[in-house]
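Hi everyone, and thanks for making time this morning. I'd like to walk you through one structure, a few spots at a time, so please have it open as I talk.

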Amino acid sequence: MNIKRITFTICLLAGAFLSAQAQAVKATQFTPGTIWADNNGVHINAHGGGLLFDKGKYYWFGEHKIAGGAGNRAMVGVHCYSSKDMYNWKDEGIALPVSPDSTNDIAKGCILERPKVVYNKKTKKYVMWFHLELRGQSYKAARTGLATSDKVAGPYTFIKSYRPNAGFMPFYPEGTPDADKVDCANPKNKSEGFFCRDLPGGQMARDMNVFVDDDGKAYHIFSAEENFTLDIAELNDDYTAHTGKFSRVYAGHQTEAPAIFKRNGIYYLIGSGTTGWDPNPARWFTAKSIYGPWTYRGNPCKGAGAEITFGGQSTYVLPIAGKKDAFIFMADKWTPKDAIDGRYLWLPVTFKGDEIEINWAEKWDLNVFEK
């Protein structure tokens, strides 16, 4: 009998046994920054992601990465996982695959980032928005992409990509000083100049999120103007297009990775600075209206590592279904040299009145929200 074949068979059996053991042990807590195995014992592959609660389950959508630097481009598509408890996740497969057609907007090798899915009660469609850079153009295109599905886990059908709000000027909250309003006849600064440059063809749309308000209105939040400004833009009733109504937030200050949520009538927005793949201090804002005015509040992270957001960058804030004042700050710890090894930092948001704090925890569970 071939000794090599016997050895190989034994190794396969041992691997299968260890994998089965890993699957049998159910997680009961979060351990930020560590390998997070799915039901197959494989590290979850859903980076820059967001969650949707639907019919008693959470669905996690994120960028599927491959090994090495090539993983920073979209070689597979958007991955989906499901869970009833948020600790243990089932692999639901690729919800939106990239296209083998090199002329397609979402061709294999494009950059497809930060997918977010929301459900439209009117159309009964699941709607996915994402940041898209066309294949071979690095970050020049700065588009938003749209896909829809009749089923939460997909498959999703790619609809279109474009730059939002072409030809529309910003909406200004009541009381906005004239000095803060865009004047394309005489741009006052670099950021305003970028806005006016892009006005005819639509605003740049990079790092992004989607938020559905209590009244069912949906909003697309994205980095525009070479990342110098965040735009908060209204979507139509079907959530499949922009209406042309939008406001500029923290104009002139480079902000990425927006994550928005609402509590007690107050809107909260968490983002980051722009330092490439390297972490930097998070920043947070509040407003009483989705369109602002928004107030800058500093860094929500506290303690050791706060100045680099504990090594991560915001991607989403998850309200926990059925629990009051229970929100999870979700961040990615990027590893651009080996993209598939990116880790997830999930941490509880702590409220002190209307103020928020995010503190590091090696281990924690949902019971923290019972205190």
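This is a predicted model: local features need pLDDT of at least 70, side-chain atom pairs count only at pLDDT 80 or more; totals for chains, interfaces and linings use all residues.

Let's begin with a question: which residue has its backbone oxygen 2.8 Å from a polar atom of the side chain of Asn-209? That residue is Pro-258.

Residues are numbered from 1 along each chain as its sequence is written, and side-chain values use heavy atoms, with hydrogens and water left out.

Back to Asn-209, which sits in strand β9, residues 208-212. When I say helix or strand, I mean DSSP runs numbered from the N terminus: helices are H or I with at least four residues, strands are E with at least two. Is Asn-209 buried or exposed? Its relative accessible area is 1%, so Asn-209 is buried. The cut-offs are under 20% relative accessible area for buried, over 50% for exposed, and partly exposed in between, with a 1.4 Å probe and protein chains only. Leaving aside neighbours within four places in sequence, the residues in contact with Asn-209 include Lys-116, Tyr-219, His-220 and Tyr-316. Contact here means heavy atoms within 4.5 Å.

Next, please find helix α2, residues 190-198. Its buried residues are Ser-191, Glu-192, Phe-194, Phe-195, Cys-196 and Asp-198. What do they pack against? They pack against two strands, β11 (229-235) and β12 (242-249). At the start of α2, a side-chain oxygen of Asn-189 comes within 3.3 Å of the backbone nitrogen of Ser-191.

Now to those strands themselves. In β11, seven of seven residues are buried. Thr-229, Asp-231, Ala-233 and Leu-235 point one way, Leu-230, Ile-232 and Glu-234 point the other way, and all are buried. On one side, β11 is joined to β10 by six bridges, and the two run antiparallel. For strands to count as paired, DSSP must find at least two bridges between them. In that pairing, Tyr-219 stands opposite Glu-234. The hairpin of β10 and β11 has four residues between the strands, and Glu-225 there takes a positive phi near 55°.

β11 also pairs with β12, again in the antiparallel sense, over five bridges. Here Leu-235 stands opposite His-242. This hairpin has six residues between its strands, and Tyr-239 in the turn has a positive phi of about 65°.

Let's turn to charges. Side chains of opposite charge can pair when their charged atoms come close. A salt bridge here is a side-chain nitrogen of Lys or Arg within 4 Å of a carboxyl oxygen of Asp or Glu. How many does a search of the whole structure find? It finds 23 salt bridges.

Arg-248 forms a salt bridge with Glu-225, with the closest N and O atoms 2.8 Å apart. Arg-248 lies in β12 and Glu-225 in the loop between β10 (218-224) and β11, so the pair ties together parts that are 23 residues apart in sequence. Both Arg-248 and Glu-225 are buried.

Then there is Arg-263. Its side chain meets that of Asp-325 in a salt bridge at 2.9 Å, N to O. This pair links Asp-325, in the loop between β18 (313-319) and β19 (327-333), with Arg-263 in strand β13 (residues 256-263), 62 residues apart. Arg-263 counts as buried at 10% relative accessibility, whereas Asp-325, at 28%, counts as partly exposed. Arg-263 also meets Asp-354 in a salt bridge, at 3.8 Å, N to O. Asp-354 lies in the loop between β20 (343-352) and β21 (355-359) and Arg-263 in β13, so this pair ties together parts 91 residues apart in sequence.

One last item for your screens: Glu-133, Arg-163, Arg-197, Asp-198, Arg-206 and Glu-226 are linked in a network of salt bridges.

Terms used:
A polar contact is a pair of N or O atoms within 3.5 Å; within protein, one must be able to donate a hydrogen and the other to accept it, and residues adjacent in sequence count only if both atoms are side-chain atoms.
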